[in-house]
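Here is a brisk report on a two-chain structure. Keep the sequence at hand while reading.

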Amino acid sequence: MMRAAGWLALGVLVAAPLLIVLAMGFGTATSGVPPVIPPWGAGGWQGSLEAWGLVLSDSFYRDALWQSLRLAFITGALCLVLGFGMALGIAAAPPARQFIWLALVLLPFWTGFLLRVSAWVGLLRDSGWVNTMLMQAGLIETPLRMLHTEGAMILGMVHAYLPFAVLPLYASLARRDLTLEEAAADLGAGRWRVLFTITLPLAAPALAAAFLLVFIPAAGEVVIPELLGGPEALLVGRAIWQEFFQTLDWPAAAALATALLALLLLPVAAFQRLAAR
Amino acid sequence: MTRRFGAAVALDALSLDVGAGEFVALLGGSGSGKSTLLRLVAGFDRPDAGRIHLEGKDITALPPQARDVAMMFQSYALFPHMDVATNIAYGLRRAGMGAREIAARVAELVALLRLEGLQRRRPSQLSGGQQQRVALARALARRPALVLLDEPLAALDAGLRERTGLELRALQRRTGASFVMVTHDQAEALALADRVALLEAGRIAQFDTPRALYERPATRAVARFLGAANILEAGGPVPLDAATRAPAYALRPERIALRPTAPARNGTEAVVEEVAFRGADTLLLARAPGGLSLRVVLVAGQAAPEPGQRVALGWEASALAPLSA
């Protein structure tokens, strides 16, 4: 009964939307409501590969995909480094205090996502907090351009996705066998050597999970590049958004979304192979 | 050394001297401080007071990796992501040894600990006894001056424990390193160690050879811990005649014999309460006048009395080991 309900939810909420998007990619754009002719109609197959041809050949979309993967990778890597340090620190704290630290990591989730991103706008814009403070302190004379730069975008991404990296890393590090690290130290390994030969390799599955939990949603992120990134940040999330809501080219949007999904399945498959070993 | 954890004193101004090439067992119940002492010597913990010297050098402030001490953990703490050879080589790598030297030393240890053919296995693919030998090989690899062993036999099956213990002692003699072993098993401590330090509440109750510890326990507590000695109070219900005056005496159960009649001193009449045949010997529990319960061990072949029977018991004056407290 439970299982049937689970499969039903999976089918309705995951499989069906996916199949609709997949099918839409083979449809034809039109000026109607909805603005797409489905690939199957009364007369059988009536779809086209036009949208796919566009998405795969036009360098605009290729760049968008590439830029998105690059941003997601940078975000994932930074979240891993910062998250690993945080998780290590939390796991080393006295148990009563670990709970407090974890609650603080999750605290940002208590406010809305949009609100948090907007807060960065307020901090970083030319007349924002940071610039005002720096100018009043006499450190700079003209405001630094921080908002709408790649740095601001990455900052916002890392800030938004860091908890997703901290949690799996903490779960793994808190359960680890500390005698292994003592044994390594006893055999002559210094702190960093212990970290690189014992702690990190044994945390590899958690590191991979943490990376994917950040990388996958980050690759499709729309809001943060839109609000914090520069106009040159033409990411795939933005491109899908534009095709869908502005150009009303639903087949192109669907084909692009499907291509992104296919690209993201690669690291997941790699992770599965790693975990199976 | 002294080590406190909050209000609890784990080690109370304890002092211990281990000779070069000596095999010392730290024997004690849980909470006696034996594991704390081992962790202090390995460098995982710092004493609140006191110093640790190794071969004349003060190592109190050194981190574990800078001490010429190797520890074998109770759980073995083998690195699960490395094979046997890599585990053994871990300490050699850290010492900056060349690849060829490392390979030679690993081969030597593999032969010494009978690990041939297992070099490429992961720890999870080994039996308990094999894991124990890998842990030992890894600890011995750098030829440390001092090897610390935390309950080295506790995780093994009973059948494997005795033989492995003897192998451990043979290995200690061959390597010439000092071994300090923590154990709660008195038979293990007495069988393997050159000297046994009996720890009690963070202090050394007695530090002596196994034979001396067994035959001449210093205190009532030692006599009681070392198993089953009878403790006779001077001026108690049974009149004693000992060579030295002491407040109490320990009397080993096997030193008590059945006599035709009870002697006036160093003997008593008693009623047999329980008889337990144990193979190599028979254990009697006998109640003497004044409520004193005596444990008596009769070697096999002697006719054992029946429960309820009255017997006369006697012992030599030399069998009474004086206790100081």
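Buried residues make up 29% of the 277 residues in chain A. A residue is buried if 20 or more other C-beta atoms, placed from the backbone, lie within 10 Å of its own, exposed if 12 or fewer, and partly exposed in between. This is a predicted model: local features need pLDDT of at least 70, side-chain atom pairs count only at pLDDT 80 or more, and totals for chains, interfaces and linings use all residues. Residues are numbered from 1 along each chain as its sequence is written, while chains are lettered from A and ligands numbered from 1 in the order in which they are written.

**Confidence**

The predictor gives the complex an ipTM of 0.84 and a pTM of 0.84. Chain B has an average pLDDT of 91, and 100% of its residues score at least 70. Here pLDDT is the predictor's confidence in each residue, from 0 to 100.

**Chain A**

Chain A holds 13 helices and four strands. Helices (H or I, at least four residues) and strands (E, at least two) are DSSP runs, numbered from the N terminus. The C-alpha trace of chain A spans about 75 × 60 × 35 Å along its principal axes. Among contacts in chain A between residues at least 6 apart in sequence, 69% join residues at least 24 apart. Two residues are in contact if their C-beta atoms, placed from the backbone, lie within 7 Å.

Take Ala92(A) as one example. Ala92(A) belongs to helix H3 (residues 59-92) of chain A. Is Ala92(A) buried or exposed? Ala92(A) counts as exposed because it has 12 C-beta neighbours inside 10 Å. Ala92(A) and Phe196(A) are 104 residues apart along the chain, and their C-alpha atoms are separated by 17 Å.

**Where the chains meet**

The contact takes 17 residues from chain B and 15 residues from chain A. On the side of chain B that touches chain A, the elements giving two or more residues are strand E6 (69-72) and helix H2 (84-94) of chain B. H2(B) gives the most, with three residues. The residues on this side of chain B divide into 11 nonpolar, four polar and two charged. Ala, Val, Leu, Ile, Met, Phe, Trp, Tyr, Cys and Pro count as nonpolar, Asp, Glu, Lys and Arg as charged, and the others, Gly among them, as polar.

**Domains of chain B**

Chain B is divided into domain 1 (3-221) and domain 2 (232-323). These bounds come from an automatic or database domain assignment. The C-alpha centres of the two domains of chain B lie 39 Å apart. Their contact takes six residues from domain 1 of chain B and four residues from domain 2 of chain B. The domain 1 side of this contact has two nonpolar, one polar and three charged residues.

**Sheets and strand pairs of chain B**

Two strands pair if DSSP finds at least two bridges between them. An open sheet of five strands has the order E13-E17-E14-E15-E16 (chain B), with antiparallel pairing. Strand E13 (257-259) and E16 of chain B stand at the edges with a single partner strand each, so one side of each is left without a neighbour in the sheet. Neighbouring strands of this sheet are turned by 50° against each other on average, direction ignored. For these angles, axes are lines fitted to C-alpha atoms.

Three strands, in the order E11-E12-E18 (chain B), form an open antiparallel sheet. Its edge strands are strand E11 (230-233) and strand E18 (321-323) of chain B.

| Strands (chain B) | Bridges | Opposite residues |
|---|---|---|
| E15 (281-287) and E16 (293-299) | seven bridges | Leu285(B) and Arg295(B) |
| E14 (267-277) and E17 (310-314) | five bridges | Val271(B) and Arg310(B) |
| E9 (195-200) and E10 (203-208) | five bridges | Leu199(B) and Ile204(B) |

Which side chains of E16(B) are buried? Leu294(B), Val296(B) and Leu298(B) point to one face and are buried.

Two hairpins include a residue with positive phi. The hairpin of E15(B) and E16(B) has five residues between the strands, and Gly290(B) takes a positive phi near 85°. The hairpin of E9(B) and E10(B) has two residues between the strands, and there Ala201(B) takes a positive phi near 50°.

Methods:
Axes fitted to C-alpha atoms, helices over the stretch in contact; angles between N-to-C directions.
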